[in-house]
Amino acid sequence: MRKAKQNKRAVKGHCTVYALIDLEGRVRYIGQTRQAMRSRFSYHRRSAKIDTAPVCVWIRNGFCSGYEIIQQNAYWDISEALWIKAYRDAGARLLNVSKEHDHIYAAMEQRYEIRLKISSLRAAA
């Protein structure tokens, strides 16, 4: 009797957040994947041969020493955006160019401000 093929994909909405590391051990790119990390890294190397994105040029020129996993079972888009923001706030010179996550930061800040207002209203009551 054959065993059912196990689904290796993460829970829908979950992913792995990873960093690509330069030759001096610094984080230069943060990404997310639902694939096995080895497959995702191979894809980066293949696309670097033809793509002109800054991270691809960087990889093509031999400056990437590998990757490290930052967070497993992370939330798709949200966790990646938070890690990018955290690294940029810490002064990392990331090669990520997309600003698509700016709306996530704004929404999170707005929710935080609303929670603060609700807490202060409850405390005053």
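Modeller: Take helix α3, where the buried residues are Ser79, Glu80, Ala81 and Ile84. Buried means under 20% relative accessible area, exposed means over 50%, and partly exposed lies in between, with a 1.4 Å probe and protein chains only. Helices are DSSP runs of H or I with at least four residues, strands are runs of E with at least two, and both are numbered from the N terminus.

A word on the basis. This is a predicted model, in which local features need pLDDT of at least 70 and side-chain atom pairs count only at pLDDT 80 or more, while totals for chains, interfaces and linings use all residues. Residues are numbered from 1 along each chain as its sequence is written, and side-chain values use heavy atoms, with hydrogens and water left out.

Back to the helix. After α3 comes glycine 91, with a positive phi near 95 degrees.

The side chains of lysine 85 and aspartate 89 meet in a salt bridge, 3.0 Å from N to O. A salt bridge here is a side-chain nitrogen of Lys or Arg within 4 Å of a carboxyl oxygen of Asp or Glu. Lysine 85 is partly exposed, at 30% relative accessible area, and aspartate 89 is exposed, at 58%. The two are about one helical turn apart, because they sit 4 residues from each other in α3 (residues 78–89). Elsewhere, salt bridges with shared partners join Asp22, Glu24 and Arg26 into one network.

Look at that network in detail. Arginine 26 meets aspartate 22 through side chains at 2.8 Å, N to O. Arginine 26 also meets glutamate 24, at 3.1 Å. Aspartate 22 is buried, with a relative accessible area of 4%. Arginine 26 is partly exposed at 44%, and glutamate 24 counts as exposed at 63%. The structure holds 3 salt bridges.

Now a surface feature. Tyr75, Ile78 and Leu82 form a nonpolar patch with about 280 Å² of accessible area together. Patches take residues with over 30% relative accessible area and no salt bridge; like charges are joined within 9 Å and nonpolar side chains (Val, Leu, Ile, Met, Phe, Trp, Tyr) within 5 Å. Accessible areas come from the Shrake-Rupley method with a 1.4 Å probe, and for residues only the protein chains shown count as cover. Tyrosine 75 lies in strand β3 (residues 64–75).

Follow β3 to its other members. Glycine 66 counts as buried because its relative accessible area is 12%. Beyond four places in sequence, glycine 66 touches Ala19, Leu20, Ile21 and Phe41. Contact means heavy atoms within 4.5 Å. Glycine 66 and glycine 25 are 41 residues apart in sequence, yet 9.1 Å apart from C-alpha to C-alpha.

In the hairpin of β1 and β2, with 4 residues between the strands, glycine 25 takes a positive phi near 85 degrees. Strand β1 (residues 14–22) and strand β2 (residues 27–33) pair in the antiparallel sense over 6 bridges. Two strands pair if DSSP finds at least two bridges between them. β1 also runs antiparallel to β3, joined by 8 bridges. Tyrosine 18 stands opposite glycine 31 in β2 and opposite isoleucine 69 in β3.

β1 is mostly covered: 9 of its 9 residues are buried. In a regular strand the side chains alternate between the two faces of the sheet. For β1, one face has His14, Thr16, Tyr18, Leu20 and Asp22, the other has Cys15, Val17, Ala19 and Ile21, and all are buried.

Last, the whole chain. The protein chain has 4 helices and 3 strands, and from the N terminus on its elements run β-β-α-α-β-α-α. Of its 125 residues, 32% count as buried. Among contacts with a separation of 6 or more, 60% come from residues 24 or more positions apart. The accessible surface of the chain comes to about 9300 Å², and carbon and sulfur atoms hold 52% of that.
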